[in-house]
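Subject: Structure for your review

Dear colleague,

Please find below the structure that I am handing over to you. My notes on what was found in it follow directly after.

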Amino acid sequence: MDASSRAIASPCIAVCTLDSDGVCEGCLRHIDEIAGWSRMSEDHRQRLMRETLPSRALARQAFAARLQERERLLRALHPADAPPSGPGWNHPELADILPDTPLAEAAVLAGLVPREGGTQVLLTRRTETLRHHGGQVGFPGGRIEPDDIDPVAAAIRESDEEIALKPGQVRPLGYLDPFVTITGFRVMPVVAVVDPAFVPQPQPDEVAEVFEVPLSYLMDPGNLRSIEIEHRGRIRHVLEYSWPGQRIWGATAAILYNLRRRLEQLP
């Protein structure tokens with residue numbers, strides 16, 4: 001058997017997306033290891049395959065496994081590789097004010113942080129001076145761009161831009177149901193596990209504050225109320241949580257309500 005026959009095949013699995021550290025999301029090799037694979041010695045390749053890459057895989061999955069609700073969420077959510085279709089579960093409520101043109105597509109990241117005291121939901125408060133939704137509490141996210149391969153990619157990209165949440169610190173679990181906003185967006189909420197070691201770095205032009213709220217609080221029906229507002233000559237009902245120092249309402253509260261309802265509907 002010659003040397004070329006003994007050479008270890010590349011671990012590439014055709015998922016060739018690099019994270020911010022230059023590590024492939026598919027095979028977990030660093031870009032330098034990918035470029036230099038054919039020039040490596042057989043011993044070097046064996047060490048990578050038997051030791052380095054399995055170690056990286058375990059490190060990446062460790063924080064996701066700490067989420068105590070993980071298995072229930074995987075059953076409750078739409079699969080991460082199959083974005084749900086449809087106009088949005090609240091579309092009938094807003095049908096009279098939505099534009100006749102197609103809705104703009106957006107994605108947000110509903111990040112769940114496993115803590116020793118229980119799972120926390122990662123939220124942001126937008127900068128007061130923003131033209132749209134200034135000062136409001138929400139999830140990191142924004143418009144889906146043509147370069148985004150799917151809503152998950154868009155939500156992670158926007159989270160990186162807004163609060164420096166890197167792809168390697170996020171493990172997507174799945175989608176909630178699409179949600180329509182009064183501003184003409186169809187929003188795809190992506191539920192994901194966030195590394196508890198993550199330290200937010202808010203982009204000051206967009207985000208004034210990053211904070212956490214216990215998932216147990218947000219999943220308690222007694223902490224959610226419906227309020228009435230007048231919009232375009234009609235009384236409409238909007239959901240709201242009262243959390244010390246923050247007002248969590250509107251689309252954000254509705255997305256959290258959708259999460260609660262999907263969990264409640266599990267057998």
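Glu158 and Arg157 form a salt bridge in which the closest N and O atoms are 3.3 Å apart. Glu158 has a relative accessibility of 9% and therefore counts as buried, whereas Arg157, with a relative accessible area of 22%, is partly exposed. Please bear in mind throughout that this is a predicted model.

The structure holds 14 salt bridges. Two of those that I wish to point out involve Glu240. In one, the side chains of Arg225 and Glu240 meet at 2.6 Å, N to O. This pair links distant parts of the chain, since Arg225 belongs to strand E10 (residues 224–231) and Glu240 to strand E11 (residues 234–243), 15 residues apart. In the other, the side chains of Arg247 and Glu240 meet at 2.4 Å, again N to O.

Helix H6 comprises 13 residues, 151–163. At 1.5 Å a residue, H6 should span 18 Å, and because its end C-alpha atoms are 18 Å apart, the model agrees with that expectation. At the N-terminal end, H6 is capped by Asp150, which has a side-chain oxygen 3.2 Å from the backbone nitrogen of Val152.

Which residues of H6 are buried? They are Pro151, Val152, Ala154, Ala155, Ile156, Glu158, Ser159, Glu162 and Ile163. The elements that cover these buried residues include strands E2 (104–115), E3 (118–126), E5 (141–143), E6 (170–175), E8 (185–194) and E9 (207–214).

Glu162 deserves a separate remark. This residue lies in helix H6 and is buried, with a relative accessible area of 1%. Leaving aside residues up to four places away in sequence, Glu162 touches Arg126, Pro140, Gly141, Gln201, Pro202, Gln203, Glu206 and Val207.

**Strand E6**

Five of the six residues of E6 are buried, so this strand is largely enclosed by the rest of the structure. How does E6 pair with other strands, in the parallel or the antiparallel sense? With E8, the pairing is antiparallel and extends over five bridges; within E8, Val191 stands opposite Gly174. E6 is also joined to strand E1 (residues 78–79) by two bridges, and these two strands run antiparallel. There, His78 has Tyr175 of E6 as its bridge partner.

**Residues with positive phi**

Most residues other than glycine have a negative phi. Two exceptions are set out here.

- Ala164 follows H6 and is found in the loop between H6 and E6. Its phi is positive, near 65 degrees, although the residue is not a glycine. Ala164 counts as buried because its relative accessibility is 16%, under the 20% cut-off.
- Leu28 is found in the loop between helix H1 (3–6) and helix H2 (31–35). Its phi is likewise positive, about 70 degrees, in a residue that is not a glycine. With 11% relative accessibility, Leu28 counts as buried.

**Confidence**

The mean pLDDT of the protein is 88, and 91% of its residues reach 70 or more. Over residues 1–6, however, the pLDDT is below 50, and beyond near neighbours in sequence this stretch has two contacts in the model. Where pLDDT is low, the predicted coordinates should not be read in detail.

With kind regards

Conventions. Residues numbered from 1 in each chain as written. Predicted model: local features only at pLDDT ≥ 70, side-chain atom pairs only at ≥ 80, totals over all residues. Heavy atoms only, no water. Helix = DSSP H or I, 4+ residues; strand = E, 2+ residues; numbered from the N terminus. Expected span 1.5 Å × (residues − 1). Buried < 20%, exposed > 50% of the residue type's maximum accessible area, 1.4 Å probe, protein only. Contact = heavy atoms within 4.5 Å. Polar contact = N/O pair within 3.5 Å; in protein donor to acceptor, adjacent residues only side chain to side chain. Pairing = 2+ DSSP bridges. pLDDT = per-residue confidence, 0-100. Salt bridge = Lys/Arg side-chain N within 4 Å of Asp/Glu carboxyl O.
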